[in-house]
Every structure is written in C-alpha cells, then in structure tokens.
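Please open the model in a viewer and keep the sequence at hand. The stops below proceed by selection.

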Amino acid sequence: MSMTAVIESVTVSVFRTVSKTSRDSDGHTHPGEAHEVRQALLRITDSDGATGYSLTSADQLREPILAGHVRNHLLGQDASRRERLWQTMAQTQRGSGGGFTDRALGTVDMALWDLEGRRLGMPVWKLLGGGRTKVPAYASTMCGDEIPGGLATPEDYGAFAAQLVERGYSAIKLHTWMPPVSFAPDTGMDAKACAAVREAVGPDVPLMLDANHWYTRLEALALGRSLEKLGYYWYEEPMEEASVQSYKWLADQLDIPVIGPETAWGKGYARAEWIVAGACDIVRAGVGDLGGITPTMKVVHLAEAFNMECEIHGGGAGNLAVLGGTIFGRWYERGLLHPHYDYDEVPPHLNSRIDDLDAEGFVHMPTLPGLGEDLNLDYIEENTIASW
Ligand code: LLH
Ligand code: MG
C-alpha cells in the first residue's frame, strides 16, 4: 500500500434485486409482494487497486450528476483527503439546481470512508474514534396503513409493540398515519395509537412518536400534551421543519423533548440554528440527510458542545459507523418494521445484514474492514443492467 493513493475510477452500476416493500404516492414505505427493483452501487477505486463501495438508489447518482459533480472532482486526487473532497463537492451543489442532493453527496462520502477502511484493514467506526462496540436499537415502525392486521388501528399498534418488546427491542418509535391513508392526518387517532402502545408495553419501555409532518401548531401542541400524559420519551416532526419558529413555539410549551430537524435542508448549519433558537431539545442527524459521515460527525460534536443529546436518523452502514465512532446517540434506528414484513430477511445483493439484533436488543459494530457492508458482488455483477 502506498502512502498516497490517487483515485483512478468512480463508477455506478445499476442492478436488479428483490424488494418486499413498496412506496405509496407520498413516499412512505409499506410491506408489499416480492418484486424486482433497481438499486445502484457506487465504486471508487484507487491507484493501489483498493475499492470503496456504497449502495444507493438508482436515481441519486445519475450519469450527468456523477460526471459533473463527483468524478470530475475525485479523479487523480488523494483518496484519503475526505474533508477536502467533501468540501469541494458540497460547494458544487449550489449550482446543481437541486440535482446533486445531500443523499448523493452522502453516498460518495461513505464510499470514500469505506475505501479508507478497506485500505487500512480497519472498520470505519474505529477510524471515527471507536466509542463503543454495540448500541441498543429502537424499533421504528412503518407509517400507518389500511392493511387488515397491519398498522390500521390503534389496537394493531399495541399488538405489534408487544411483539417488538418480546423480540428484544428496548424502545419503540411509532410512525402513525399520514396521507394518502384515507382518514389521515388525525391527531386523535395518533393519540389513541400511542395510548394503545403504552398500554401494551407497560410504563418502563421508552416510546417515541414521529407523527404527520404537517400539523398546525395547535394540533401539534395538543398531541404533544397527550404524549406527556403517556410518558413518551420524544416527539418528532409533527410540523413542517422549515419553520424553526414553530418548533421553538412548541418546545417552549412542552415538557416532552422535541427532536429535530430530520428533513430540514441545511446540513449542520440548520442544526446549529435549531439548537441556538431553542427549537429542539434533542438534535437529529443522519448520513442520508446531511451528506455523509463527514458532516454527521460534525453535528454529533456540535451537540456535545451544547451538552445536548444527538440521535441518529435512520439505519444502515453509515449511521451505524457514526454510532460506533462516538458515545453519543442513545439508539440505532432499526426499521422500518411492520407485522407483515420480515426485516431480518437478507436481500439477494447482500450476504448478511449489517444490523442483526441480539437477544438483548443490541446491534454490534461490524468487524469487516471499511463500512462492513457484506455485499454479494457476484450477485450484483450478474444482475447489473447499466453502468456509467
Ligand atoms: O415518512 C416516513 O416514511 C418516515 O417518517 C421515514 O421518513 C423515516 O425515515 C423517519 O422519519 N424516521 O425517523
Ligand atoms: Mg423521522
């Protein structure tokens, strides 16, 4: 291995795989019949022949985006200078008209971290500081639906919550009903589902709610008061996150911790504004929302400097590495889960899942070098339908 390896190729392969989930018209995930879907794999290879990988959706790193915002800034560059490469790519987002998303930037950043880990023979979570070897997971449910025996009624949520505790989860987060579900949004139904879950699991299991993201202030406040009576641990995204003042208004009045932002645009800058405005009691960061591991670690440290908890949004290899790199973030978000969906089933493009749950409800840090994603590269090769 040379001291300085330069990046020699940056390619995306789109491949066919199988999914048992589908997305509704508003982008929420629900269980579905097994069907063929397209996924993409980003590969960054250096002059020593080492390769870093990151999985993404087929549409994030389309050919012109990869050519004009990524490949042109990476080829010939020192692969280890992730901060510099990230800054360079992030600055091109401004001129992309929204085409080069934070999610796409995050995919590239994660492939660079994976490459570094594989070059050094080290898991990324150790390169990030190696704060811990395992993290407890909370069960994060899919959004509500109208599927019989699914998540269609408060009782369905209660029954499912009891199963999740039985399975070993130490905390549960509900996503409740959102459009296009015919009766959504409905704060009364949300409160009933939250009550049914509290009733099912008893007083000691931490519970969280991620409600419809477009309630008014008054609706959000009323629902928050119901959660306080039920002893919920946090309250997430009941309103449009672009309005920082609405969240400050809400957080000022509620005792239950308000968490955010998740989807708000603005990377770490937006998180800093929320903290200083008093719009959240727990700050939220995730590799998909912020543009990778590099900016997510900065938000974790920003929160630390304010003595504020930082919870990591979403699962997967990048978020798990962040959690293992630090001691912050109480839980790994494992999901999305549903009574009709077997989350533990391994999709054919992987040899194993990165986030297996042990009997005590912990997810363990991977031992493989890099991000630790156990890719089935033969399957991906055989099922590749396009590359650029
Ligand atoms: O709307 C959804 O499907 C979920 O809210 C989803 O975005 C999930 O990632 C989330 O919010 N987790 O906290
Ligand atoms: Mg959320």
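Is Asn 383 buried or exposed? Asn 383 counts as buried, at 17% relative accessibility; buried means under 20% relative accessible area, exposed over 50%, and partly exposed in between, with a 1.4 Å probe and protein chains only. This is a predicted model, in which local features need pLDDT of at least 70 and side-chain atom pairs count only at pLDDT 80 or more, while totals for chains, interfaces and linings use all residues. Residues are numbered from 1 along each chain as its sequence is written, chains are lettered from A and ligands numbered from 1 in the order in which they are written, and side-chain values use heavy atoms, with hydrogens and water left out.

Asn 383 sits in the loop between α13 (377-382) and β13 (384-387); helices (H or I, at least four residues) and strands (E, at least two) are DSSP runs, numbered from the N terminus.

Glu 236 belongs to strand β7 (residues 234-236), whereas Glu 262 lies in the loop between β8 (258-260) and α9 (267-277), 26 residues apart. Glu 236 is buried, with a relative accessible area of 1%, and Glu 262 is buried as well, at 9%.

**Next: ligand 1**

Display the residues around ligand 1 (those with a heavy atom within 4 Å of it); among them are His 28, Cys 143, Lys 173, Asp 210, His 213 and Arg 284. Which side chains make polar contacts with an oxygen atom of ligand 1, counting pairs of N or O atoms within 3.5 Å? Glu 236 places a polar side-chain atom 2.9 Å from such an oxygen, Glu 262 has an N or O atom at 2.8 Å, and His 313 has one at 3.0 Å. The protein covers 82% of the 330 Å² of accessible area that ligand 1 has on its own, by the Shrake-Rupley method with a 1.4 Å probe.

From this shell, pick His 213, which is in the loop between β6 (207-210) and α7 (217-229). His 213 counts as buried at 11% relative accessibility, and a polar atom of its side chain lies 3.0 Å from the backbone oxygen of Ala 211.

**Next: the backbone**

Most residues other than glycine have a negative phi, and most peptide bonds are trans. Zoom to Pro 179 and Pro 180, where the joining peptide bond is cis, with omega near 15 degrees. Then move to Gly 260 and Pro 261, whose peptide bond is cis, with omega near -5 degrees.

Where is Glu 237 found? Glu 237 is in the loop between β7 and α8 (244-253), and has a positive phi of about 40 degrees although it is not a glycine. Finish at Asn 307, with phi near 55 degrees. Glu 237 counts as buried at 4% relative accessibility, whereas Asn 307 counts as exposed at 75%.

Methods. A polar contact is a pair of N or O atoms within 3.5 Å; within protein, one must be able to donate a hydrogen and the other to accept it, and residues adjacent in sequence count only if both atoms are side-chain atoms.
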